[in-house]
Amino acid sequence: TTHPIVEHPRMTVIGTGYLGATHAICMANLGYDVLGVDVDARKVAELSAGRVPFFEPGLPEKLKEALASGRLRFTTDFALAADFGDVHFVCVGTPQAADSPAADMRYVIAAFSSLATRITRKVLLVGKSTVPIGTAARLTEMVHEMSPVGSELELAWNPEFLREGHAVEDTLHPDRLVFGVSSLWAEQQLRAAFRPILEEQTPVVIADLATSELVKVAANSFLATKISYINAMAEVCEVTGGDVNILATALGYDERIGSRFLKPGLGFGGGCLPKDIRAFKFRAEELGVGQAVAFLGEVDAINIRRRVRTVDLIRELVGGDLMGVKVAALGAAFKPNSDDIRDAPALDVARMLYLEGAIVTVYDPEANENAHRVYPDLDFADSMADAINDAQVVALLTEWDEFRNADPEVLGQLVANRRIVDGRHALDADRYRAAGWEYRALGRPLSS
Ligand code: NAD
């Protein structure tokens with residue numbers, strides 16, 4: 001097309017959850033005029049008042065700066081959004097469907113519909129949500145049928161790789177940008193929308209729509225596989241007497257393998273990896289290439305078995321029966337520096353302990369509130385000391401610094417019995433043993 005590029009595009013960000021709020025705030029910080037849009041009026045009110053509705057280091061400060069600059073606003077009004085944006089970023093959720101491993105696409109479809117029916121000029125609609133391969137092509141058709149300007153609207157896909165806990169850094173200084181486009185116009189409009197980031201020599205990969213959708217799920221599948229790989233080795237260690245920690249260290253020095261994501265433990269969780277590998281496998285089966293990614297079923301199964309094994313370790317440590325046993329569960333978030341409890345291994349373990357009759361007290365520095373909402377039957381403590389007070393066994397389930405840095409001697413004086421299962425290989429086993437604790441970890445023999 002001969003449409004000009006908007007050099008300093010006004011942006012909307014549809015869906016202001018973990019991804020969308022971060023994206024909107026960072027784009028405003030880079031100098032763009034941004035309108036964040038969400039159907040959740042409470043979220044919009046919180047963000048407008050300068051409060052980030054979730055825990056993300058550094059983001060509250062960036063939000064305040066952006067609001068003060070006058071470049072960032074939030075609304076629930078799609079008419080306003082349609083009028084405002086030259087580039088629209090869609091960042092709504094794609095959770096696992098309630099009744100299948102597939103992604104629930106209703107929010108994505110709703111967001112694109114809300115825009116398409118209201119937009120009356122040539123703009124770029126950019127999907128950032130993680131979606132099944134083929135979604136962008138399907139949405140392109142849908143949008144053209146719905147829109148008053150029809151084929152004038154263009155879709156692009158810009159998958160997001162940010163990590164919760166590092167979201168600001170990852171957004172402002174990404175390893176790479178991937179632009180899934182079907183025209184030079186879309187590519188150039190996206191380059192204009194990311195100019196300050198591209199000026200920092202950030203690699204950009206130009207791809208077709210399907211490849212850009214695949215990049216995201218392929219990356220998450222690789223990371224999940226790496227974690228489950230070392231956890232599979234932990235299972236082997238458990239029957240051979242090997243030590244998976246030493247194994248991981250030795251493997252990690254091989255530069256072809258690398259030590260990152262090679263950490264054995266309770267495994268992965270969160271709002272991305274588990275649902276992304278399941279949705280990818282499901283979509284591949286639909287497309288007739290299920291065999292190619294059948295291994296993702298094993299990756300998922302290995303990951304879930306770690307939770308069961310952690311409960312086994314705790315049960316063994318208290319003599320074989322959890323009924324009535326007081327357990328302190330340290331951690332609820334799926335990883336440290338996050339309050340995200342979606343598919344959190346820590347809470348899954350707490351739930352299983354509870355179902356076996358244990359008296360479980362959970363403490364997480366940031367995620368108690370979210371966890372309590374989803375697991376109202378569990379008890380929550382306001383501090384680590386309260387959680388472990390009188391505990392017969394302690395389970396470390398999320399590796400917050402607060403837990404890593406705790407003094408085993410001081411903790412020892414609070415508990416009923418000095419027994420600990422380190423689900424994250426986060427503690428110094430020798431220090432704990434020297435302080436009289438019985439220490440157990442996944443994939444490690446009793447003495448190491
Ligand atoms: P989230 O649940 O935190 O946020 C989604 C937001 O979208 C919510 O605030 C919800 O109210 C809003 N929403 C739902 N329907 C809407 C609609 N029709 N119009 C406007 N807003 C609507 O989810 P998230 O973690 O931010 O994830 C969003 C997407 O980004 C998912 O596809 C996810 O896989 C992907 N992603 C997330 C991360 C991450 O670290 N969280 C990283 C990369 C990619």
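Trainee: Where is the place of Glu164?

Mentor: Glu164 sits in the loop between β6 (154-157) and α7 (167-172). Helices (H or I, at least four residues) and strands (E, at least two) are DSSP runs, numbered from the N terminus. Keep in mind that this is a predicted model, where local features need pLDDT of at least 70, side-chain atom pairs count only at pLDDT 80 or more, and totals for chains, interfaces and linings use all residues. Residues are numbered from 1 along each chain as its sequence is written.

Trainee: Why does Glu164 count as buried?

Mentor: A residue is buried if 20 or more other C-beta atoms lie within 10 Å of its own, exposed if 12 or fewer, and partly exposed in between, with C-beta atoms placed from the backbone. Glu164 has 23 C-beta neighbours inside 10 Å, so it counts as buried.

Trainee: And what makes Lys263 partly exposed?

Mentor: Lys263 has 19 other C-beta atoms within 10 Å, and is therefore partly exposed. Its place is in the loop between α11 (244-252) and α12 (273-286).

Trainee: Which residues is Lys263 in contact with, leaving aside its neighbours within four places in sequence?

Mentor: Those are Ile230, Ala248 and His425. Contact here means that the C-beta atoms of two residues, placed from the backbone, lie within 7 Å. With residues up to four places away in sequence not counted, Glu164 touches Tyr18, Glu56, Ser338 and Asp340.

Trainee: What makes strand β10 mostly covered?

Mentor: In β10 (residues 359-363), four of the five residues are buried.

Trainee: How do you know that β9 and β10 pair?

Mentor: Two strands pair if DSSP finds at least two bridges between them. Strand β9 (residues 326-330) and β10 have five bridges, in the parallel sense. Between β9 and β10 the chain passes through helix α14 (residues 345-355), in a right-handed β-α-β crossover. Right-handed means that, with the strands pointing away from the viewer, the path from the first strand over the helix to the second runs clockwise.
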